[in-house]
Amino acid sequence: MTERDGTRADDRPDDRPDADVIVVGAGPGGSAAAYHLARTGLDVLLLEKSTFPREKVCGDGLTPRAVRSLVEMGIDTSVEAGWLRNRGLRIIGGGVRLELPWPELASWPDYGLVRPRADFDEMLARHAVKAGARLVEGASVTGPVRDDRTGRVVGVTARAGVDRAPAEFRAPVVVAADGNSARIAQALGIRRREDRPLGVAVRRYYRSPRTNDDFLESHLELWEGPPRQSRLLPGYGWIFGMGDGTSNVGLGMLNTTSAFQNTDYRDLLRRWLNGLPPEWGYTEENATGPVRGSALPMAFNRAPHYQDGVLLVGDAGGMVNPFNGEGIAYAMESGRIAAETIVLALARHSGSARERALGRYPEILAQTYGGYYTLGRLFVQLIGNPTVMALGTRYGLPRPMLMRFVLKVMANLTDPRGGDATDRLINALTRLAPAA
């Protein structure tokens, strides 16, 4: 297997690792981790099972929280660089259509972005390479390599290259950013927590005149035909204009909903879209590809986030926001946090000192997201009750001031210090909520 520098992993001496850090998965979390690690001068090996460009199931919409991570990485988010900007969130439900601009805060940008994942992920991976990371595409990691004496993970096995030949890559630290499959975590015995929410989402691209919409659109109710004159379907939906002549249209459902286990999601999407105005273009003849689906692992549904030399990042650690299903922002943020933790750990010489530094990673994640995710778990339990959801839609949506507060909560956008009264209230609630 030839790497970017022309050497071969199997040509290196047995007593020398292939890198300082191995990052498994070149999605947003893995590429962010690789970027932040490489820019400090560490030798980073970024292993991606696919070859770019490749698709990922996603709504393709980025909130200001995700935008900040891109800006911090020095990525050009201008329209000229291929991004479609959005001004906020449009919420439709209960007979109400409400447009909520992103809040104006000192700590976050005041705009969101849209970009297809097929392009977005490759851009992030190439950005990590520019920072010094070594990207190996077509390297499907099959499991961890453990030290026979200590049991600690010292690398990974993979099938790599055109012939998918077995390969082994070694490093003192491994970042598992391998998505909701979480193959590395499962190999370590880190199982999914059944007491944490899980979502399922499906999406499809359609040619549509709504392609340049400057609001992300969320449908809290899915009707099979005209609203309140037809059957109400389970789940929630979205419509995101892509700016390239198409829209990303999809729906999701949480496992706190009674219909979760017994739903044909592709058929559900078809039935919802059949009830939307035909001039929007969400019809079979305008589809540009198949319906694709994916799981959404939420609220730390896999832990611990550090074990035996492996740090879990993004979906691999169940870090999707339970309030709104957003995963990209938390993948990139956890990738940065993991990188910062590893840099400090590798600066220490003794194994025990390194281990203490690496062991701080779950603590930092708990401090950063724990209370917020606890509130999110309570939220998904409430909206899983159709009566509660109907009351919230009927009496909450007509109150713009309340909905601006809800937007801040759901998008996790507040100024951490100062801010207005709503910021202080939300921050107080997340601090008081247990980070379990």
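Predicted model: local features only at pLDDT ≥ 70, side-chain atom pairs only at ≥ 80, totals over all residues.
## Nonpolar cores

The largest nonpolar core in the model comprises 85 residues. Within this core, the residues with the most contacts are Leu-70, Phe-120, Ile-342 and Tyr-361. Helix α6, spanning residues 328–346, supplies the largest share of the core, namely ten residues. As general background, nonpolar side chains tend to be buried together in soluble globular proteins.

Apart from residues up to four places away in sequence, Phe-120 touches Pro-28, Leu-62, Leu-70, Trp-83, Arg-115, Ile-328 and Met-332. Leu-70, one of these partners, is also listed among the residues with the most contacts inside the core.

## Met-319, a buried loop residue

Met-319 is located in the loop that connects β21 (310–312) with α6. Its relative accessibility is 0%, and Met-319 therefore counts as buried; the cut-off for this class is under 20%.

When neighbours within four places in sequence are set aside, the contacts of Met-319 are Pro-297, Phe-300, His-305, Leu-312, Val-313, Gly-314, Glu-326, Tyr-330, Ser-334, Tyr-361, Leu-365 and Tyr-373. Tyr-361, one of these contacts, is among the residues with the most contacts inside the largest core. Between Met-319 and Ala-299, which are 20 residues apart along the chain, the C-alpha separation is 5.5 Å.

## Ser-247, a buried strand residue

Ser-247 belongs to strand β18, which covers residues 246–254. Ser-247 counts as buried because its relative accessibility is 0%.

The side chain of Ser-247 forms a polar contact of 3.2 Å with the side chain of Tyr-282. Beyond the residues up to four places away in sequence, Ser-247 touches Arg-204, Tyr-205, Tyr-206, Ser-208, Arg-210, Thr-211, Ile-239, Phe-240, Gly-241, Met-242 and Tyr-282.

## Packing of helices α10 and α11

Helix α10 (residues 400–411) packs with helix α11 (residues 421–432) at an angle of about 45°, and the two axes are 11 Å apart. The helices are therefore oblique to each other. The crossing of α10 past α11 is right-handed.

On the α10 side, Phe-405, Lys-408 and Val-409 make the contact. The α11 side contributes Thr-422, Asp-423, Leu-425 and Ile-426.

Conventions. Residues numbered from 1 in each chain as written. Heavy atoms only, no water. Core = buried A, V, L, I, M, F, W, Y, C linked by side-chain atoms within 4.5 Å. Buried < 20%, exposed > 50% of the residue type's maximum accessible area, 1.4 Å probe, protein only. Helix = DSSP H or I, 4+ residues; strand = E, 2+ residues; numbered from the N terminus. Contact = heavy atoms within 4.5 Å. Polar contact = N/O pair within 3.5 Å; in protein donor to acceptor, adjacent residues only side chain to side chain. Axes fitted to C-alpha atoms, helices over the stretch in contact; angles between N-to-C directions. Parallel < 35°, antiparallel > 145°, perpendicular 65-115°, else oblique. Left-handed = near helix turned anticlockwise from the far one by under 90°.
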